[in-house]
Amino acid sequence: MTALKEMNTPVFAAEGVLHLNRPDFKLEVSGLVERPVTLSLDEIKSTLINSTMDRRLTSVSGWSVRANWNGVLWQDFIAYVKPLAAARYVFFSSASEYTTAVWLPDLAESQTMIAWGVGSEPLEDEYGGPLRLVVPNLWGYKSCKWLTRIQFVDKYQTGYWELRGYSHRGQIEPGETLDINTQKWRPIGGGEVTEF
């Protein structure tokens, strides 16, 4: 599979596309974890287990794209930072003011990934590079782009789109979506899009 731009994947950025200095990039992990940590992009690639997953990102705005995402699977990430039993939600923040919260069990339902690449190429700025979340079983607004902070918390915090009336849980609903890979409209049944 090719890069997102080559597939004409829509670019959607609530606060505009960010262009971060990759050598200076840091991801901060804090809150209810045994191992709070701050990692550079190189440290993420060298310290954590890196994987590839073939999954769809599905937008509430009516499109879905399948890609080979490169990064750290959620299960490997939490094995490293070790959330405490009191943690119930995860609050994600971008390098701007974009935020969203996800129920901790929802992140384990499918192969969630903290992604740094697509098709073994660095994730493009337009799509959230250098680091973004990919949560295939939830609407795309839960997959925080330009990800710089992850907090494990015991109380829900309302995020950017949720404050504007979007679903707090972000579960994908049945309907129809434009498959970017084939440029065809296809029905979806709800939850992670696995039909095509």
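In helix H2 (residues 74-81), Trp74, Asp76, Phe77, Tyr80 and Val81 are buried. Viewed along the axis of H2, these buried residues fall within an arc of 160°, so they line one face of the helix. The model is predicted. Lysine 82 follows H2. Its phi is near 55°, a positive value in a residue other than glycine. Lysine 82 belongs to the loop between H2 and strand E5 (89-94). The residue is partly exposed, with a relative accessible area of 36%.

Glutamine 183 sits in the loop between E11 and E12. Its relative accessibility is 48%, so glutamine 183 counts as partly exposed. The backbone also holds a cis peptide bond, from glycine 129 to proline 130. Omega of this bond is near 15°. Proline 130 is placed in the loop between E8 and E9.

The largest pocket was examined next. Strand E3 (51-59) supplies at least two lining residues, and so does strand E4 (63-73). By class, the lining has 18 nonpolar residues, eight polar residues and four charged residues.

Phenylalanine 12 and glutamate 126 are 114 residues apart in sequence. In space, their C-alpha atoms are 8.1 Å apart.

Glutamate 126 also takes part in a salt bridge. A search of the whole structure finds ten such bridges. In one of them, the side chains of glutamate 126 and lysine 5 meet, at 3.2 Å from N to O. Glutamate 126 lies in the loop between strand E8 (121-122) and strand E9 (132-134), and lysine 5 in the segment before strand E1 (26-31), so the pair ties together parts that are 121 residues apart in sequence. Both partners are partly exposed: glutamate 126 has a relative accessible area of 23%, and lysine 5 has one of 43%.

Arginine 149 and glutamate 28 form a further salt bridge through their side chains, at 3.6 Å from N to O. Here, too, distant parts of the chain are linked. Arginine 149 is in strand E10 (residues 147-153), glutamate 28 is in strand E1, and 121 residues separate the two. Arginine 149 is partly exposed at 31% relative accessibility. Glutamate 28 is partly exposed at 32%.

A salt bridge also joins glutamate 192 to arginine 55, with the closest N and O atoms 3.0 Å apart. This pair again links distant parts of the chain, 137 residues apart. Glutamate 192 is in the segment after strand E12 (184-188), and arginine 55 is in strand E3. The accessibility of arginine 55 is 24%, which places it in the partly exposed class. Beyond these pairs, Arg56, Asp179 and Arg186 are linked in a network of salt bridges.

Threonine 177 is located in strand E11 (residues 175-179). The cut-off for burial is under 20% relative accessible area. Threonine 177 has a value of 1%, so it counts as buried. Its side chain reaches the backbone nitrogen of serine 64 at 3.4 Å.

Asparagine 137 occupies the loop between E9 and E10. This residue is buried as well, with a relative accessible area of 7%. Its side chain reaches the backbone oxygen of aspartate 106 at 3.1 Å. The side chain of asparagine 137 also makes a polar contact with the side chain of serine 110, at 2.9 Å.

Note on methods. Residues numbered from 1 in each chain as written. Predicted model: local features only at pLDDT ≥ 70, side-chain atom pairs only at ≥ 80, totals over all residues. Heavy atoms only, no water. Helix = DSSP H or I, 4+ residues; strand = E, 2+ residues; numbered from the N terminus. Nonpolar A, V, L, I, M, F, W, Y, C, P; charged D, E, K, R; others polar. Buried < 20%, exposed > 50% of the residue type's maximum accessible area, 1.4 Å probe, protein only. Arc of directions from axis to C-beta. Salt bridge = Lys/Arg side-chain N within 4 Å of Asp/Glu carboxyl O. Polar contact = N/O pair within 3.5 Å; in protein donor to acceptor, adjacent residues only side chain to side chain.
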